[in-house]
Amino acid sequence: MDREAYRNCSSLVKIPRQSYEQFWSSHFLDYIDKELSYSKFFKKYLLPNHPCMFSRRFTEEWKCRKQWVTGDGKPNFQKLLQEFDETPVPVANCNAKEYNANPKQVMPFKEFIHYWREYILNGHSSPKGCLYLKDWHMSRDFPEHNVYTTPVFFTSDWLNEYWDTLEVDDYRFVYMGPKGSWTPFHSDVFRSYSWSANICGRKKWLLYPPGQEEFLRDTHGNLPYDVTSAELRDRGLFPHAEEACQPLEIIQEAGEIIFVPSGWHHQVYNLEDTISINHNWLNGCNIDIMWQFLQTELSSVQKEIDEWRNTMDSWHQHCQVIMKACSGINYGEFASFLKIIANNRMAFLNACSSGDPSDYSRHLSEILTTLGPYHAAFDLQRVAHIIECLLCNEDFKRLDHSTLTLQPETMLQQIRDTIQSTRGQHLLYQE
C-alpha cells in the first residue's frame, strides 16, 4: 500500500461502500489484463466491495497451469494420479440435496479420477450422479508442491494467517469437477472475500449484489437452493423474488481469476471439465462485514432458544457454544483472531523501527514486507475500530473476560502506542 492510499483511508471509521445499483442491470464487470498496482486494486475493488476478473496472464507461470493440463486444455489425469493417487479427498454429489447443499463423501483421489474418466466416456453422465471434488485442502496436505502463487492483490489475508498460526485449518481449496457439476446458491464463509482461478475449463457465475438475496427468501425466510429453479416464480412461496435484480452472469475462461467480494451471493456451474483453485479471505477492508455477520448469527441463535432464557443461568454462554457449532466461530474466538492479527502487525512495525527480525513465519514476514508499513498501520486501525465495537456490544460484555486471550482495553492502548511510535520513527509520515 502506498502513502496516498493510506492517507485516503487512515481516518475511516466506517468503510464507505457505494451503491451496488450499477450492477442491477449490467452484465459486465471490470476485466484486468494489464499491470495493476495493489493500491489501485485496494481503492477500486477492495474498499467499495466490487467484483472484477483478472486475465490469464496473471496465472500463466503457475506450475499447475502447465502440469495439470494437457496440450488441448483438458485435465491431465495421468499427471494428477502420479501426484495424488491414494490421497483421500472430499467429493459432493451434485444430483443430491441435503438441506441447502450437496452431501459429501471422502474417497481416494484415484477413485474419483476413475469415476471422472467413465463419466466423460459415458457422455457426461453416470448412475452414480454428478460428483464434484470440492473444498479439498490440497495446499495444507501437500505444502511442498507450490503449484501456484497467490497474487499480491489477495495476500492481505487475515483468515488464513490466523488458521496458519493455529496450524489446524485453512481456507485454501482445490475444486475438480466434470462438465455439469455445480455449487448451489450461497455466500462465502463469515462473509469473506473469495478469489477463484480456473486452471482449466470454464465456469458460469451468477452473482447477486449484497442485499438482493433478501428478495429471494421464501415465506419461511430461507434462501433458495437453486436460483434458476422455476419455483422462484411461485409468489406464494417466494413472494418477493420478482423484486430482485437479475444476477450478474459471468463466464470465466481457463486461466482467469475472479474476485468475489464480501456478501455477494452466488451460484456456479462448470461448463466444461474444470479444475480451479479458490481462497476465502478477510482483511481490514471487510472485517466490519464479518463482525456484522457474527452479530446476526448470534441473534439467530438467541431467537431459536429464547424460551429458555429465563430458566438457564448460563443461557448466554450456551448461545456462544451453539454459535461456534453452527458458524465455526464465536465472540471469544473472534477476539483471539483479532489479537493474532494485531500482534503480527505490531511486531512487524516494531521490527521496521528497530531493524530486529520478528518471531513469526518467513512467509508472513514476506507478505507484510511486500504490503508495507502503511498497510500494517491501516490493519491496526481497523482492528482497533472493531475492538471498540466489541467494547460497546452487550453480548461481548457478558463474556467471562478472564477466559479471553484478548484484553480489549490493553490491546487498544498497545495499538495506539505502536502507531504513534512508528510515526515518530518516520515510518508513517504525518501530514
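Analyst: A salt bridge here is a side-chain nitrogen of Lys or Arg within 4 Å of a carboxyl oxygen of Asp or Glu. This is a predicted model, in which local features need pLDDT of at least 70 and side-chain atom pairs count only at pLDDT 80 or more, while totals for chains, interfaces and linings use all residues. Residues are numbered from 1 along each chain as its sequence is written, and side-chain values use heavy atoms, with hydrogens and water left out.

By that criterion, Glu161, Arg345 and Asp379 are linked in a network of salt bridges. Within it, Glu161 and Arg345 meet at 2.8 Å, N to O. Glu161 belongs to helix α7 (residues 158–166) and Arg345 to helix α10 (residues 331–354), so the bridge ties together parts 184 residues apart in sequence. Helices are DSSP runs of H or I with at least four residues, strands are runs of E with at least two, and both are numbered from the N terminus. Glu161 and Arg345 are both buried, where buried means under 20% relative accessible area, exposed over 50%, and partly exposed in between (1.4 Å probe, protein chains only).

A second pair is Glu83 with Lys79, whose closest N and O atoms are 3.9 Å apart. Both residues lie in helix α4 (residues 77–84), four residues apart, about one turn of the helix. Glu83 is buried, at 18% relative accessible area, whereas Lys79 is partly exposed, at 26%.

Another bridge joins Glu35 and Arg57, with 3.4 Å between the closest N and O atoms. This pair links distant parts of the chain, 22 residues apart: Glu35 sits in the loop between β1 (30–32) and α2 (38–46), and Arg57 in the loop between β2 (52–54) and α3 (63–67). Glu35 is exposed, with a relative accessible area of 66%; Arg57 is partly exposed, with 34%.

The protein carries 42 positive and 56 negative side chains, and the centres of the two sets lie 4 Å apart. In that count Lys and Arg are positive and Asp and Glu negative, with His and the chain ends not counted; each charge is placed at NZ of Lys, CZ of Arg, CG of Asp or CD of Glu. Buried residues make up 53% of the 431 residues, and the protein has 13 helices and 13 strands.
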